[in-house]
Amino acid sequence: ALPICLIGLLGGLLYTAGPVPYKYLGLGEAAIVLLMGPLMTQGAATAVSGDAFSAQAFWVGIGPGLLITCVLASNNLDDIDGDRAAGARTLAVRIGFGRYRLVYVLAMLTVIPAQIALWASGVFDAWILLGLLVTPLLLSRAREVLALRRSDDPALASLTPRTGQVHLLFGVLLIIAVVLARAL
């Protein structure tokens, strides 16, 4: 439990603080997938069960980690001009609006094969596929982001909360899947 706590603490602190904040090195998205996904679910499971590691607890966090990264990416898409003006060298600023849209789309659509891989690996039973009920929303958000052409597009104002809603719905379905898998 202590290593997970330390990784989480350092991950949070070094995101925007310290001598070289990794957010401004363009590494925020990759770190958020891990910190807000598998490490968070493993940490919660460790706190509840006392087990140092559980493959299920760790890997179940992949989908939520990818989707919370999409929340971050949607915010970064909306903040590119302001971040650039402030000298913040986020990944979005470094690669530009057009290419950064693909980061969002890739993370969003990776949720689908990730859930299938969790089931196919045998770590989870078929209930884990319940999260795929959000697939139409994943595809819709991806299409919306691909349709954006400028960082000042008015549609960006609502993208972050709408992405957060997909994350929430996926999380609820994931909880239901885990509960059903244990109950049946």
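Guide: The radius of gyration is taken over C-alpha atoms, and the globule rule is 2.2 Å times the number of residues to the power 0.38. For 184 residues a compact globule would come near 16 Å, and the 17 Å of the protein agrees with that. The C-alpha trace spans about 50 × 40 × 25 Å along the principal axes. This is a predicted model: local features need pLDDT of at least 70, side-chain atom pairs count only at pLDDT 80 or more, and totals for chains, interfaces and linings use all residues. Residues are numbered from 1 along each chain as its sequence is written, and side-chain values use heavy atoms, with hydrogens and water left out.

Visitor: How many helices and strands are in the protein?

Guide: Helices (H or I, at least four residues) and strands (E, at least two) are DSSP runs, numbered from the N terminus. The protein has 9 helices and 0 strands.

Visitor: What share of the residues counts as buried?

Guide: Buried means under 20% relative accessible area, exposed over 50%, partly exposed in between (1.4 Å probe, protein chains only). In the protein, 41% of the 184 residues are buried.

Visitor: Which side chain of opposite charge is nearest to Glu29?

Guide: Lys and Arg count as positive, Asp and Glu as negative; His and the chain ends are not counted. A salt bridge is a side-chain nitrogen of Lys or Arg within 4 Å of a carboxyl oxygen of Asp or Glu. Glu29, in helix 2 (residues 28-35), is buried yet has no salt bridge, and Lys23, the nearest side chain of opposite charge, is 8.5 Å away.

Visitor: Which residues is Glu29 in contact with, leaving aside its neighbours within four places in sequence?

Guide: Contact means heavy atoms within 4.5 Å. With those neighbours set aside, Glu29 touches Thr69, Leu72, Asn76, Leu91, Tyr100 and Val103.
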